[in-house]
Amino acid sequence: MKFVFLLAALAAAPGDATTPASADRFEDSAQQIDAILRSDQVADAVDHAPIGHMANVGTRKDGAAEWEVRVQHCDLVVFLIPVADGSSYRIDLPRECR
């Protein structure tokens with residue numbers, strides 16, 4: 001009986017109301033966009049052209065977030081690999097801007 005009560009109490013307990021899961025995803029995507037925009041490596045790869053479009057298009061098998069950055073003359077695939085402490089991302093550009 002105590003076990004059933006414990007399960008019911010856990011199921012009814014609210015999550016962390018200050019940071020719902022959707023906010024965590026929003027903040028993480030904002031951090032990823034910031035990493036791309038601040039990257040000299042990305043800027044050089046697109047010849048410092050203005051960005052027309054950015055989109056998260058998936059996840060690589062190793063868990064790296066896949067982003068597409070479009071500028072007028074090419075599309076660039078950018079992978080973001082989380083740094084161990086979770087505070088930033090490492091940029092991986094597997095190919096040139098096409």
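Here's a quick briefing on the structure above.

This is a predicted model, where local features need pLDDT of at least 70, side-chain atom pairs count only at pLDDT 80 or more, and totals for chains, interfaces and linings use all residues. Residues are numbered from 1 along each chain as its sequence is written, and side-chain values use heavy atoms, with hydrogens and water left out.

**Confidence**
- The chain's mean pLDDT (the predictor's confidence in each residue, from 0 to 100) is 83, with 77% of residues at 70 or more.
- Over residues 1-19 the pLDDT stays under 50, and the model has 1 contact (heavy atoms within 4.5 Å) beyond four places in sequence for them.

**Overall layout**
- You'll find 3 helices and 4 strands in the chain; these are DSSP runs numbered from the N terminus, helices being H or I with at least four residues and strands E with at least two.
- Along the sequence, the pattern goes α-α-α-β-β-β-β.
- Of the 98 residues in the chain, 24% are buried, meaning under 20% relative accessible area with a 1.4 Å probe, protein chains only.

**The sheet**
- The 4 strands make an open sheet, ordered β1-β2-β3-β4, with antiparallel pairing; two strands pair if DSSP finds at least two bridges between them.
- At the edges sit β1 (51-59) and β4 (89-92), each pairing on one side only.
- Strand β3 (residues 74-82) pairs with β4 over 4 bridges in the antiparallel sense, and I81 stands opposite R90 in β4.

**A side-chain detail**
- R60 has its charged end over the ring of F79, 4.2 Å from the ring's centre; this counts when NZ of Lys or CZ of Arg is within 6 Å of the ring centre and within 35 degrees of the ring normal.

How values were computed. Buried < 20%, exposed > 50% of the residue type's maximum accessible area, 1.4 Å probe, protein only.
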